[in-house]
Amino acid sequence: MAMPLSWKIGAVVASLIVAVLAWDGLSQYLAARHADEIMRDSARIAALDAQQAKDRAQQYQAQLAADLKQQREDMSNMHQEVIEQAQQYQAQQAIRLNQQRQEELRVQATYRLDRNQHCDGGIVINHNGSSFTQAVGKDGQPIPCKGDTATEPLR
């Protein structure tokens with residue numbers, strides 16, 4: 001039995017509508033799937049970027065910690081050097097002061113009358129056995145004294 005032409009046209013139009021609807025549904029499905037892929041890719045890229053940023057932040061923090069540790073060590077070493085230099089300076093200063101005191105004592109000893117000398121009338125008198133003489137300075141004048149100390153070096 002042959003189909004009337006209107007039925008044939010109706011079938012073709014219905015087929016076209018079904019094809020258009022199928023094509024539209026397929027297009028929407030593919031577009032949604034493509035959008036999902038883009039979203040997943042974007043999420044994966046964002047997660048990768050976040051991990052890289054976290055890694056860079058941890059690396060930066062580790063570098064800062066290492067730099068701070070090095071600065072502390074450098075500061076400690078410098079502090080130790082300053083302490084050692086100060087101790088060395090103090091030791092040298094003590095040696096210099098001791099040498100200065102020794103020199104002062106040596107110089108003072110040259111002013112002190114020895115057992116063969118005494119101060120009589122403000123003048124140093126040398127006695128050797130039963131003889132007594134005035135001690136004279138570089139200028140040939142008698143050396144003045146007070147107590148057991150002369151006013152200029154005797155030796």
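**View 1. Cys119 and Cys145 are joined by a disulfide in this predicted model.** Their sulfur atoms sit 2.0 Å apart, and a disulfide here is a pair of cysteine sulfur atoms within 2.5 Å. A search of the whole structure turns up one disulfide. The angle about the S-S bond is 95°, and the link of Cys119 and Cys145 is right-handed. Cys119 belongs to strand E1 and Cys145 to strand E4 (residues 145-146), so the pair ties together parts that are 26 residues apart in sequence. Helices (H or I, at least four residues) and strands (E, at least two) are DSSP runs, numbered from the N terminus. What about cover? Cys145 is buried at a relative accessible area of 10%, whereas Cys119 counts as partly exposed at 24%. For these labels, buried means under 20% relative accessible area, exposed means over 50%, and partly exposed is in between (1.4 Å probe, protein chains only).

A word on the model: residues are numbered from 1 along each chain as its sequence is written, and side-chain values use heavy atoms, with hydrogens and water left out. As this is a predicted model, local features need pLDDT of at least 70 and side-chain atom pairs count only at pLDDT 80 or more, while totals for chains, interfaces and linings use all residues.

**View 2. Three strands make an open sheet in the order E1-E2-E3, with antiparallel pairing.** The edge strands are E1 (117-120) and E3, each of which pairs on one side only. From one strand to the next, the twist averages 35°; axes are lines fitted to C-alpha atoms (for helices, over the stretch in contact), and angles run from 0 to 180 degrees between N-to-C directions. Two strands pair if DSSP finds at least two bridges between them.

**View 3. E1 and E2 form a hairpin with two residues between them.** In the turn, look for Gly121, which has a positive phi of about 65°. The two strands, E1 and E2, pair in the antiparallel sense over four bridges. To get your bearings along the pair, find Gln117, which stands opposite Asn126 in E2.

**View 4. E2 and E3 also make a hairpin, with two residues between them.** Here the turn holds Gly129, with a positive phi of about 65°. Strand E2 (residues 123-128) and strand E3 (residues 131-134) run antiparallel and are joined by four bridges. Which residue of E3 stands opposite Asn128? That's Ser131. Further along, Ile125 has Gln134 of E3 as its bridge partner.

**View 5. Asp41 and Arg44 form a salt bridge.** The closest N and O atoms are 2.3 Å apart; a salt bridge is a side-chain nitrogen of Lys or Arg within 4 Å of a carboxyl oxygen of Asp or Glu. The count by this rule is two salt bridges. Asp41 and Arg44 are three residues apart in helix H1, so about one helical turn separates them. Asp41 is partly exposed, at 33% relative accessibility, while Arg44 counts as exposed at 53%.

**View 6. Leu5, Ile9, Val13, Ile17 and Leu21 make a nonpolar surface patch of about 490 Å².** Patches take in residues with over 30% relative accessible area and no salt bridge; like charges are joined within 9 Å, and nonpolar side chains (Val, Leu, Ile, Met, Phe, Trp, Tyr) within 5 Å. The areas come from the Shrake-Rupley method with a 1.4 Å probe, and for residues only the protein chains shown count as cover. One of the patch residues, Ile17, lies in helix H1 (residues 5-111). Is Ile17 buried, partly exposed or exposed? At 47% relative accessibility, Ile17 counts as partly exposed.

**View 7. Glu84 is found in helix H1.** Glu84 counts as partly exposed, at 43% relative accessibility. Where does Met39 come in? The C-alpha atoms of Glu84 and Met39 are separated by 66 Å, with the two residues 45 apart along the chain.
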